[in-house]
Amino acid sequence: MKEIKFVDTHCHLEDAEFDDDRSNIINRARKRGIHIITSAIEPATWQNGFSIAEEWDNVDISLGCNPVKFKYVDNAISLIKNNLQSIVAIGEVGLDYYSERNHTHRERQEEGFRKHIETAKELKVPIQVHSRSAGKAALQVLYSTDIEHVHMHAFDGKVSLARIASKEHGFYFSIPTSVVRSPQKKKLVRAIDIERLLFETDSPVLGPNREERNEPANVPIVMEEVAGILQRDEEEIRETVLENTLRLYSRIKIR
Ligand SMILES: [Zn+2]
């Protein structure tokens, strides 16, 4: 790839939704200077994630265990430790209170989350955090561990909490493509310290249009929307966000 113009810091290329045309999807992003961090979080897709990142020079992998699959956390952690040279982050991991109402299961999620955090601290890699309907709880767990290199993805909690997390704790927040249709995400853009903003697509979901499959080539849409919200020049936003991304993800393979 020529030069990186954007990084889609969080998506799921190994998802079955891309089985028929994965190469086209990755190539389309590659031609637009888009580097991709794919987050493999299902035991069934971990190996595919490694293969994709190995095959493509514009793809890196983040690995972890989906919060609701907490039974497999120890498997994820051994895989991370045994393949440290191949991964750029741990995640997405965290808490999902939207999908899980059972109290005991929520406690198991937190236990798994803490194991991933300890591993990230020990290995000195960033952590990508999922916190659906659990923004406050996830931040409290993170604060209690003193972890530093944190990437909150598609944060749906209170923007006042995100403001504090970015400004006082230095946590990064990625803005997804759905910002074009989400008032909460627009507010989030204004709340986050500009030095802590990242872009993501969360493909195949969180697209600009809810009915259509999302893909990493859509990441410039986030830049356009963020520049509009902050009333800044698009190129300035692109450069700032790229700098932020490379600061956090110093392990990505193309510079
Ligand atoms: Zn995701």
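Reader: Which residues are buried in helix α6 (residues 159-169)?

Author: Welcome! This is a predicted model, where local features need pLDDT of at least 70, side-chain atom pairs count only at pLDDT 80 or more, and totals for chains, interfaces and linings use all residues. Residues are numbered from 1 along each chain as its sequence is written. Helices (H or I, at least four residues) and strands (E, at least two) are DSSP runs, numbered from the N terminus. A residue is buried if 20 or more other C-beta atoms, placed from the backbone, lie within 10 Å of its own, exposed if 12 or fewer, and partly exposed in between; in α6 the buried ones are A162, A165 and S166.

Reader: Which exposed residues does the face of α6 turned away from its buried side carry?

Author: The buried side of α6 packs against α5 (135-145), β6, β7 and α7, a contact being two C-beta atoms, placed from the backbone, within 7 Å. The face turned away carries the exposed S160 and E168.

Reader: In β8, what is the bridge partner of I175?

Author: Strands pair if DSSP finds at least two bridges between them, and β7 and β8 pair in the parallel sense over four bridges. The bridge partner of I175 in β8 is F199.
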